[in-house]
Amino acid sequence: MAEETMKDFEKELDASFRVIREGDVLEGMIVDINDEVVTLDIGYYVPGVVPVDDISADPDFSPMRDLKIGESVQAVVIEKDDGKGNVLLSMKEANEAAAWEKLRALFESQEHVLVRVKEQVPSGVVAYLEGIRAFIPASQLSLSYVEDTSAYVGKQLDVRVLTVDEDANKLVLSAKSVLRDLEEEGNRRKMSAIVPGAIYNGTVETLQPYGAFVQMENGLTGLVHISKISMKRINKPSEVLKVGQEVKVKVLKIEDGKISLSIKDVDMNTSDIVDGVDNANDEPVMEYHSEEIPNNPFAALLSGIKVDE
């Protein structure tokens, strides 16, 4: 057997001279995991141990599932001797310091990430991101306000960081922000597919003094100006339309993300009179036709006058 030299003991010698203080952040390699502690090789003459309660603040975290032997982790020195000859460590403290840095970066980039809702609380729900407890207000769960937040418990949500304040230990997330972006992107794709002159089925959403907003079959909403609702003159849209009514609309133009529609231009025949019927009132009409010579002034005056029966 070869004679051992000082070089063979170099690692042990370095470890024996190393000075560790409470509060130091150490990097160690996981060498053992059990239900009570995670044991780390911290390059010291004794191992470091992390109680399972000091690994993560996330209640869904499982050391047996989420950690692997051989993995390098960071931990803070709590006590140089835990009473059993080990260095007592906390991964939770070390993780929190790094977590807030990551959260600030997520806030700056506005990148969206997945979280799982853990519990319902007044006015919202709680999830954990990077091991930090986060609040998602009810108003930020969906595009519309959510009254019953209990239905979200256990669900996975795509969120963005709205507020990150380490000093106040405040982390606020939003799923609504991500959903709004997805909706806008979808609307842009739908908008690009619309061709002026195309005719769509639609439903009257709201009526305003200046016109009617109609949701088309593709989910987009456009405005039918009051002048484009009917061939006859109307004082307000409610004279001929009602909310929920199904109509056909023609796309006039798309400008600055707004869609201008027309109901009256769907029929290329711009007259209200077709085959002797007033389409606005569904009433038969008579049209005066002069038998006089074309240059008779009186005949020209009466020509085209409609007389109700």
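Some ground rules. This is a predicted model, where local features need pLDDT of at least 70, side-chain atom pairs count only at pLDDT 80 or more, and totals for chains, interfaces and linings use all residues. Residues are numbered from 1 along each chain as its sequence is written, and side-chain values use heavy atoms, with hydrogens and water left out.

Okay, the overview. The protein chain has five helices and 20 strands; helices (H or I, at least four residues) and strands (E, at least two) are DSSP runs, numbered from the N terminus. Of the 309 residues in the chain, 33% are buried. Buried means under 20% relative accessible area, exposed over 50%, and partly exposed in between, with a 1.4 Å probe and protein chains only. As for contacts, meaning heavy atoms within 4.5 Å, take those with a separation of 6 or more: residues 24 or more positions apart account for 52% of them.

Now the first stop, a barrel. Two strands pair if DSSP finds at least two bridges between them. Angles here run from 0 to 180 degrees between N-to-C directions, and the axes are lines fitted to C-alpha atoms, for helices over the stretch in contact.

Let's trace some of the pairs. β1 (residues 25-33) runs antiparallel to β4 (residues 72-79), joined by five bridges, and Val25 sits opposite Val76 there. On to β2 (residues 37-41): four bridges link it to β1, again antiparallel. Those two strands make a hairpin with three residues between them, and Ile33 has Val38 as its bridge partner. Val38 also stands opposite Val50 in β3. The β2 and β3 hairpin has six residues between the strands, and in it Gly43 takes a positive phi near 70°.

There's another barrel to find: β11-β12-β13-β15-β14, five strands with mixed pairing. Its twist averages 50° from one strand to the next. Within it, β11 (residues 199-208) and β12 (residues 211-216) run antiparallel over six bridges, with Leu207 opposite Ala212.

Last, zoom in on Arg160, in strand β9 (residues 156-165). Why does Arg160 count as buried? Because its relative accessibility is 10%. Its side chain makes a polar contact with the side chain of Asp181, at 2.7 Å. A polar contact is a pair of N or O atoms within 3.5 Å; within protein, one must be able to donate a hydrogen and the other to accept it, and residues adjacent in sequence count only if both atoms are side-chain atoms. Leaving out residues up to four places away in sequence, Arg160 touches several others, including Ser177 and Val178.
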